[in-house]
Amino acid sequence: MLKAFLAWLARTSLVGQIAISLVAGGLLAWLWPEAAQSVSLLGTLFISALKAVAPVLVLLLVVSATSNHRPGHATQIRPILWLYVLGTFAAAVVAVVAVVASMAFPSTIQFKDAASAQGAPGRIGEVLMALVQSAFDNPVRALMNANYIGILAWAVAMGLALRHASETTRAVMHDLGQAITRVIQGVIRLAPLGIFGLVAGTFAQSGLEKLLDYAHLLAVLLGCMLFVALVVNPFIVWTQTRRNPYPLVLTCLRESAVTAFFTRSSAANIPVNLALAKRLGLDEDTYSVSIPLGATINMAGAAVTISVLSLAAAHTLGIQVDLLTAILLCVVSAVCACGASGVAGGSLLLIPLACSLFGISNDLAMQVVGVGFVIGVIQDSAETALNSSTDVIFTAAACEAAGRREAVAA
């Protein structure tokens, strides 16, 4: 019977295996908490493997794509960049509107003793300066610290320089990109074991109590992200393609967002997105650049997180939010989200900057960051799923729009 079960499991898709791991991990944490804490090592090793290989993956893929770019071959990188910016700003607007609209049942945060600050930026200028400095980081240090802005800058520079190299050298870079892609695909295949360990360890240690304490806040966050994924993104795609966007959007959510949700890494999900873009028949010269680029700067989910948690803190403290401040928050959230990968700690450590718009002290703002870590087991997963799936959605929309314009011109 065990042999038959293992054979059935081998035939099950990765998503199905992950679903089984979720149930198994939850049951183990409920029935045998001591054992569940022991198997949490599987989750720790899985996350460590993703963190180790993801920076190298971004470097090699961008170098390979840039060095093998064919001069004169049409690409849609600039329109895709504009879609990334538009999508991130729209996500911040949705978050602000949703929180303001829920004033009848506002999200609140229980403030306690101030948490210790972790070097969060204090002004928008500091974020932009950190972003610029990250781009000029030492390449070895950028890889060691997973500074994706620095990795991206060096990868583009090296790729442009290697465009004048021999065909053999460029072929080697392509092969290296393919090799590291296979490595991370192997790591992702181990996701069911990693998710089993993560779920078992998390629920055995804290259970659902901590999540239930912030159920309303988590519901607002997830509701905003779902609205962006199912309404805002489809509308943006429709403006580009002028046809029903939902077949594309739902395909990307099913094949990209699900794996990103569990790996919790946009960079680690790059091979999944590249394979999906290939199946969709997109221009390889375009998606081989836009997908790694999107994993670094396309952060709609981060914009939602920054806006919702900052406004929740303002409502808790009885601070009235006027229209001008709300608009400014949208801009700040969008800019901060795009630079989240260049700031240690990601989107959560940029919350104090947004809170400063309302005059909230850094001590209280860092408590909001602490709340973010409490609900991060779901918040970070949903944020990554939205970010990563949107990379493919906007790339496909831009490629289809370009094809439609060429057909009209012909």
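How do the residues of the lining of the second largest pocket divide into nonpolar, polar and charged?

1. The model is a predicted one. In the lining of the second largest pocket, seven residues are nonpolar, eight are polar and five are charged.

2. This second largest pocket has a volume of about 520 Å³. Its lining consists of 20 residues, and those nearest the centre of the pocket are H174, Q178, E284, Y287 and S288. Two or more lining residues come from each of α3 (33-67), α8 (167-189), α13 (270-279) and α14 (284-297).

3. One of these elements, α3, packs on helix α7 (residues 148-162): the two axes come within 7 Å and cross at roughly 30 degrees. Angles under 35 degrees count as roughly parallel, and α3 is therefore roughly parallel to α7. The crossing of α3 past α7 is right-handed.

4. On the α3 side, the contact with α7 is made by A54, P55, V58, L59, V62, V63, T66 and S67. On the α7 side it is made by Y148, I151, L152, A155, V156, M158, G159, L160 and L162. By class, the residues of this contact are 14 nonpolar and three polar, with no charged residue.

5. Helix α3 also packs on α14, and both give residues to the pocket lining. Their axes come within 9 Å and cross at roughly 150 degrees. Since angles over 145 degrees count as roughly antiparallel, α3 and α14 are described as roughly antiparallel to each other. This crossing of α3 and α14 is left-handed.

6. Contact between α3 and α14 is made by L61, V62 and A65 of α3 and by S288, V289 and P292 of α14. Five of these residues are nonpolar, one is polar and none is charged.

7. The crossing of α11 past α15 is right-handed.

8. In this pair, α11 makes the contact with L217, V220, L221, C224, M225 and V228. From α15 the contact residues are G301, V304, T305, V308, L309 and A312. The contact of α11 with α15 counts 10 nonpolar residues, two polar and no charged.

Terms used:
Residues are numbered from 1 along each chain as its sequence is written. This is a predicted model: local features need pLDDT of at least 70, side-chain atom pairs count only at pLDDT 80 or more; totals for chains, interfaces and linings use all residues. Side-chain values use heavy atoms; hydrogens and water are left out. On a 1 Å grid over the protein atoms alone, a cavity is a set of points where a 1.4 Å probe fits but cannot get out, and a pocket is an open set with protein on both sides within 12 Å along at least five of seven lines; lining residues have an atom within 4 Å of a point. Grid points are joined across faces, edges and corners, and a volume is the space filled by probe spheres set on the points. Helices (H or I, at least four residues) and strands (E, at least two) are DSSP runs, numbered from the N terminus. Ala, Val, Leu, Ile, Met, Phe, Trp, Tyr, Cys and Pro count as nonpolar, Asp, Glu, Lys and Arg as charged, and the others, Gly among them, as polar. Axes are lines fitted to C-alpha atoms, for helices over the stretch in contact, and angles run from 0 to 180 degrees between N-to-C directions. Angles under 35 degrees count as roughly parallel, over 145 as roughly antiparallel, 65 to 115 as roughly perpendicular and the rest as oblique. A crossing is left-handed if the near helix is turned anticlockwise from the far one by less than a right angle, and right-handed if clockwise. Contact means heavy atoms within 4.5 Å.
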